[in-house]
Amino acid sequence: DYLHAEYPRAVLLDIGSTTADIIPLNRFDDLKGLTDTGRLQKGYLVYTGMLRTSIPTLVRSVDLHGQATPVSTEFFATSADAHLVLGHISPDQYSCETPDHKEKTRTASLRRLARVVCADLGEIGVDGALQVARKFWDAQRGMVCGQVRAIAENCGADEILVAGIGAPLFARELGATDLTTRLGEGADALPALAVRELAKKACLQ
């Protein structure tokens, strides 16, 4: 209700560590009573996020030096590894556990990404590992941005807002408003922020 009052004709993308929540604020009543299953069915919940998504959930094969290469379905690397090596997040933002329980550094992430194609980093090189990351990012960007745009068009929204750890990245991709620039760190915890702001309004009445 807090954001609905401020942005009544917007669609909100809240992209966190695990999921992308798409909330049509201009059709707020459509969300009431929906379970997670219902949100999945309507396209309001896209199960991919900035940190915890396993790479093979979105990637089936990678082009390595001109050779189509199927990926392993083992839990070798996550979206956090892809986003870290591509410069989308910092090591400090890599807040979940790593698949191999090792370091949260660029080099360690490149090693994990190489494992997705059953290779050591020395075998496919940095360029090969980066290709795994880029292929994942292309798929994730297409999935999330495509769904946000489809819902915005269907709802007749005239603005897109983005919050969560992926806000700066996806705001650029969508030409949207990054709520972290307006709300600060509160944009990473919108429910708590909303409760605080509504409580402040109640106290002033």
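**Helix packing and burial**

User: Why are helix 5 and helix 6 called roughly perpendicular to each other?

Analyst: Their axes, lines fitted to C-alpha atoms over the stretch in contact with angles from 0 to 180 degrees between N-to-C directions, cross at roughly 65 degrees and come within 11 Å. Angles of 65 to 115 degrees count as roughly perpendicular, and helix 5 and helix 6 are therefore described in that way. The model is predicted: local features need pLDDT of at least 70, side-chain atom pairs count only at pLDDT 80 or more, and totals for chains, interfaces and linings use all residues. Residues are numbered from 1 along each chain as its sequence is written, and side-chain values use heavy atoms, without hydrogens and water.

User: What makes the contact between helix 5 and helix 6?

Analyst: Helix 5 contributes W137, Q140, R141, V144, C145, V148 and R149, and helix 6 contributes L169, F170, E173 and L174; contact means heavy atoms within 4.5 Å. By class, 7 of these residues are nonpolar, 1 is polar and 3 are charged.

User: Why does C145 count as buried?

Analyst: Buried means under 20% relative accessible area (1.4 Å probe, protein chains only). C145 has 3% relative accessibility, so C145 counts as buried. C96, at 3%, also counts as buried. Of the 205 residues of the protein, 48% are buried.

User: How many disulfides does a search of the whole structure find?

Analyst: The search finds 0 disulfides, a disulfide being a pair of cysteine sulfur atoms within 2.5 Å.

How values were computed: Buried < 20%, exposed > 50% of the residue type's maximum accessible area, 1.4 Å probe, protein only. Helix = DSSP H or I, 4+ residues; strand = E, 2+ residues; numbered from the N terminus. Parallel < 35°, antiparallel > 145°, perpendicular 65-115°, else oblique. Nonpolar A, V, L, I, M, F, W, Y, C, P; charged D, E, K, R; others polar.
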